[in-house]
Amino acid sequence: MAIVMARGLRKSFRVADKQPGLAGTMRHVLRRRWINLEAVRDVSFQIEAGEVVGFLGGNGAGKTTTLKLLSGLIHPSGGELAVAGHRPFRRQRAFLEAITLVMGQKQQLIWDLPPLDSLRVNAAVYGIDDLEARRRIGELAEMLELGEELTRPVRKLSLGQRMKAELLAALLHRPRVLFLDEPTLGLDVNAQARVRQFLADYNRRTGATVLLTSHYMADITALCPRVLLIHQGRLFYDGSLAELSERLAPWREVRLDLDRPVAADTLQRYGEIEQLDGAAVRLLIGREQLTTTLNQILSELPVLDLEVRDPPIEELIGRLFQQGTLDPLP
Amino acid sequence: MGRYLLSLRRFWGTSLASQLEYQLNALIELVAMGANLGGSLLVLWLFYRQGVALGGWSWNAALVVLGAYTCLNGFTSTVLQPNLSRIVTHVQEGTLDFVLLKPIDSQFWLSLRSFSPAGLPEVLLGLGLMGWAARADQGGLQPQQLLATAVVMLAAAATLYSLWFVIATTAIWFVKTWNATEVLRAALSAGRYPVSAFPATLRLLFTLALPVAFLTTVPAETLLGRGSASWILASLAVASAALVISRAFWRLALRYYTSASS
Amino acid sequence: MSWRSASTWLRRHSVLWSVQFAYMAEYRAEILLWALSGVLPFIMLAVWSAADGPGLGLGPSALGRYFLSAFVVRQFTVVWVVWQFEEDAIQGRLSPYLLQPLHPLWRYVAAHQAEQATRLPFVLLIVSGFFLLQPASFAWPGLGRLLLGILAVGLAFALNFLLQSLIACLCFWSERATALERLLMIPYLFFSGLVAPLQAFPPGLRQLALHTPFPYLIAFPAELLAGESVAAAGPFSTVNGFLSLLIWLAVLFPLLLLLWRAGVRRYGAMGA
């Protein structure tokens, strides 16, 4: 039985519409206009226990709204939803003890006190006895590489340390489903890498299901074998990340450093020009023609250096939406 | 149940520790409390030195009312103010979501999470003033009066809590509601004086619409031996109704929050 | 000041003003509640009129006008800069403000003025309501008095703003300057004439109060607005009242500038 089951999920909001300027202000005070915003439209998917799934999409696409629907913070306007055998928005105790929510840049730890004090509060709230709590804290602290940070006031910790402490607090009660909303937001590169490593380890060790939203591609590529692509509230893709980039964008990016600048029309014979900066060129070449085209380039152009790699996924996705080559899933 | 009691102990332990990080604050609160009481006494005295008996109450009897007001003001500073102003912050910063996902009742969490011991001296001072002034007026205090007053004061605290909680809850719609708590404070400051000091229409307002009478005048009358069983029962009825309304309103607010926030 | 710099100043301030107005208009319910939270003078009016004492020298309608004027004056002189400033300091919003060619305190002045403008309709509503319920209390103060009253309200607002800004400057040194504002509130509440007209005080205490800035924040402007009969019973003379206001402004303004400069220096030294 899938641990997360969504069918025809819908959510729409009424938002006030205000025009700029003094005239707009006066109208807004006297008679407001309301628009109906559809944040999530007819989204369906299933997730099995132990999976790590990423929700991908631009800002305002509906990822956070979907996550909040799944965690029970918003109730849906339509459709069916079940998480860990419960209807999330009823927020029953058994459900709440089985899940956890972590939001980037928002914290639940007490600001003026060391994380240990917040952990003791959580232990009491979740009904974990002291001995067991201490054991779990020890385990998680080791995995997160937290030591004396636990006894320093939260306001004195760096952003990265604070995020790790937040994760510890969120996982104390051994939830079966983790909801993570932009967990690496604002963290430096090292801290981001460590958080990702921890989440992968945690999933491996405990078999917990992890649902993650992020607009950092690095999070998704490092952690999520499966992605759900959401755009304007609709689900456009549900499957593996590798397949997404393979199937839907059969190009590879070739970076050339030339001996001297070459005219654009000459270069266009080999592939689509992404960027031309004097003697540095970036071309997109179809996978099938890759080897032949590379041979041609090497023999016909004055190449100093050459690099072949997959185009950045953000660009692919941006391109997909622009070209409209992706249709919403039924 | 044990979970709730243990959580409460942990809530208040951590809250106390948080506040001891700011000792200067506690000192300022103490001075402010003293000055406030001094000012209230001054205003009362301005009436009585001219021979005006407010609402027909003697000086000592009026002090009992002021004592009840001071006690409830201390209760507000200790429990109501630190917790319920936090609700507004939670809504603004989006951290209310964390509270809603804890397996413990959200009204319990939001109402009792914090505890500011800086308000306790005011509670004790208020109770002390009530007892001292009542003894000065009556010549002695009887145990059944004390017991009845304790019951009525608890009912008053419950009513006051419900009023504050309902107002703080409106933050979910209006967000900037510290103004509303100011309206409540301003209106409740009428509780410094016995309700009979006001003209008839206001007396009605303060008994039926905004239960100021039940907060300070009724406990004072009970302690002065002037209370009747019907007023005590009315007090309890008002408190129960207020608590029920605060609960129902909270659930309404949550239904709105979980449907409208993105 | 040249014409060009004057018109730039005007334009800058009008933009600031209209943006703040839009911000305030967003929270209609809150502004109404804010106006209602000034209800204290009406409560005190109820107690004083029911008290029926001899000492005030004010008949019931004059008493009503006094407290109504006190309410109006309070609405247009209330200042909340210390809370906003403390929040901005904690959130780190001060740094960009300090880097702009406009003194940060002007932002707060504009915010206050915008809020007063949004409150005006509610205040007019409440004043009309009062006179509808008590038509006998109505007495036109005379155009001259009215204008003087409005001037006094403006000066009182400036004085109140200066007082609170002085405390706000302490935010540069301590994180909890708002607690000190609570202390200041107490003599304000009792000595400004908000809970009782000054003639209710015994002479010694009254003299003490008149040497503080507080009575000039509410009582003096209120008496001007309330009309001749109210002012005659009170301790102020128009000339002395204005003189005292101006003296307090002249004393506190340079103090504020000094304290602000010292504060900004410390802020920079601590690493904004």
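Predicted model: local features only at pLDDT ≥ 70, side-chain atom pairs only at ≥ 80, totals over all residues.

Trainee: How many helices and strands does chain A have?

Mentor: Chain A has 12 helices and 13 strands.

Trainee: Into which domains is chain A divided?

Mentor: Domain 1 covers residues 4–240 of chain A, and domain 2 covers residues 250–310. Taken over C-alpha atoms, the centres of these two domains of chain A are separated by 42 Å.

Trainee: How many bridges join β1 of chain A to β2(A)?

Mentor: Strand β1 (residues 4–17) of chain A is joined to β2(A) by 11 bridges, and the two run antiparallel.

Trainee: Let us take another strand, β8 of chain A. Is it mostly covered or mostly exposed?

Mentor: Strand β8 (residues 226–231) of chain A is mostly covered, with 5 of its 6 residues buried. β8(A) pairs with strand β3 (residues 52–56) of chain A in the parallel sense, over 4 bridges. Within that pairing, F55(A) has L228(A) in β8(A) as its bridge partner.

Trainee: In which sense does β8(A) run with β9 of chain A?

Mentor: β8(A) and strand β9 (residues 234–240) of chain A run antiparallel and are joined by 6 bridges. The bridge partner of H231(A) in β9(A) is R234(A). The hairpin of β8(A) and β9(A) has 2 residues between the strands, and Q232(A) in this hairpin takes a positive phi near 50 degrees.

Trainee: How is the packing of two helices to be read?

Mentor: Two packed helices are described by the angle between their axes and the distance between the axes. In chain B, helix α7 (residues 143–169) and helix α11 (residues 212–223) pack at an angle of about 175 degrees, their axes lying 8 Å apart. Because of that angle, α7(B) is roughly antiparallel to α11(B).

Trainee: Which residues of α7(B) and α11(B) meet?

Mentor: On the side of α7(B) they include Q145(B), A148(B), V152(B) and L160(B), while those in α11(B) include F214(B), V218(B) and L223(B). By class, this contact of α7(B) with α11(B) has 10 nonpolar, 4 polar and no charged residues.

Trainee: We may turn to the contact between chains. How many residues do chain C and chain B give to it?

Mentor: Chain C gives 29 residues and chain B gives 32. On the side of chain C that touches chain B, α2 (28–36), α3 (40–51) and α9 (178–191) of chain C are the elements that give two or more residues. The most come from α9(C), with 7 residues. By class, this side of chain C has 23 nonpolar, 3 polar and 3 charged residues.

Trainee: At what angle do α2(B) and α9(C) pack?

Mentor: The angle is about 10 degrees, and the axes of α2(B) and α9(C) are 9 Å apart. This angle makes α2(B) roughly parallel to α9(C). The residues that meet include I28(B), A35(B) and N36(B) in α2(B) and L183(C), I186(C) and F190(C) in α9(C). The residues of this contact of α2(B) with α9(C) divide into 12 nonpolar, 3 polar and 1 charged.

Trainee: Why does N36(B) count as partly exposed?

Mentor: N36(B) counts as partly exposed because it has 19 C-beta neighbours inside 10 Å, whereas a buried residue needs 20 or more. N36(B) lies in helix α2 (residues 23–48) of chain B. From C-alpha to C-alpha, N36(B) and T70(B) are 9.2 Å apart in space, and they are 34 residues apart in sequence.

Technical notes:
Residues numbered from 1 in each chain as written. Chains lettered and ligands numbered in written order. Axes fitted to C-alpha atoms, helices over the stretch in contact; angles between N-to-C directions. Parallel < 35°, antiparallel > 145°, perpendicular 65-115°, else oblique. Contact = placed C-beta atoms within 7 Å. Nonpolar A, V, L, I, M, F, W, Y, C, P; charged D, E, K, R; others polar. Domains from an automatic or database assignment. Pairing = 2+ DSSP bridges. Buried ≥ 20, exposed ≤ 12 C-beta atoms within 10 Å, placed from the backbone.
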